[in-house]
Amino acid sequence: MTDLLDRLADDAAPVKALTGRRFLATYGLGMGAALLIVAATGFRQDLPIAASDPMFLTKLLVTGALALPSAWLMWLSGRPGAQSGRGAHMVGLLALLLFAAPLALAFAFDAEVASRDALRFDWAQFCVPIIALTTIPVWFASLSWLRRAAPVNAERASWLAGLASASTGALLFALHCPFDSLAYVAVWYFSSIIGLAALSRMIMPRFIRW
């Protein structure tokens, strides 16, 4: 028996470490594919002007503020021994904060306008499916990474992958969506992000579990 184990150990190929550079390359490919989807749907016509609009920049800021830590924690969750549990809870709270705070601010400033924007279904009927569509390639990139990594907690890693993918998709979708209201972004962007993250939490673990 000992001889058999020794022979198996001798024949084992060295395990290649999954570096941050490889993660960035994989995730970057997913983002590139998502950006192509946004380009196919069409960038907003006033994008050069919107680039200096504080409301548009705020929309990019709030989605990016969730995408960056979620992606980092997702990468961390695939590394053996890394602690991401507390960070996963905190980024979940951040998602809820980024939903609630802009909505509360919008209603405090002008409740009538905020109500109209929050229930603005004409754009929202396109917003939700396109955010889901831009999420898909980033989600598959995250799945590819986690399948090659070593997530100790598959459910937590899947939740983080969903948050990262959906918030990245929403960030890129902002280049298409011409509506910058805080109430609109809070309700339709972040409800989509949280919903897609929950869906990822249910679906992905079966594909990445050891």
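The chain has 10 helices and 0 strands. Keep in mind that this is a predicted model.

Now the chain as a whole. It has 210 residues, and 45% of them are buried. The exposed surface comes to about 11,300 Å². Carbon and sulfur atoms supply 70% of that surface.

Next, contacts. Take the contacts between residues at least 6 apart in sequence. Of these, 87% join residues at least 24 apart.

On to the aromatic rings. How many aromatic pairs does a search of the whole structure find? The count is 6. I will show you two of them.

Start with Phe173 and Tyr189. Their ring centres are 5.6 Å apart, and their planes meet at 55 degrees, so this pair is tilted. The reasoning is quick: an angle over 60 degrees would count as edge-to-face, and one under 30 as stacked. Where do the two residues sit? Phe173 belongs to helix α8, which covers residues 154–173. Tyr189 belongs to helix α9, residues 182–203. Buried or exposed? Phe173 and Tyr189 are both buried.

Now put the pairs together. Phe173, Phe179, Tyr184 and Tyr189 make up one aromatic cluster. Look for these four residues in the structure above.

Last topic: cysteines. A quick reminder first. A disulfide is a covalent bond that joins the sulfur atoms of two cysteines. How many does the search of the whole structure find? It finds 0.

Take Cys127 as a case. Cys127 is in no disulfide. Its nearest cysteine sulfur belongs to Cys177, 5.9 Å away. The cut-off for a disulfide is 2.5 Å between the sulfur atoms.

What about burial? Cys127 is buried, with a relative accessible area of 0%. Cys177 is buried as well, at 1%.

To recap: 10 helices and 0 strands, one aromatic cluster of Phe173, Phe179, Tyr184 and Tyr189, and 0 disulfides.

Key. Residues numbered from 1 in each chain as written. Predicted model: local features only at pLDDT ≥ 70, side-chain atom pairs only at ≥ 80, totals over all residues. Heavy atoms only, no water. Phe/Tyr/Trp six-rings, centres within 6.5 Å; stacked < 30°, edge-to-face > 60°. Helix = DSSP H or I, 4+ residues; strand = E, 2+ residues; numbered from the N terminus. Buried < 20%, exposed > 50% of the residue type's maximum accessible area, 1.4 Å probe, protein only. Contact = heavy atoms within 4.5 Å. Areas by Shrake-Rupley, 256 points an atom, 1.4 Å probe, with all protein chains shown as cover.
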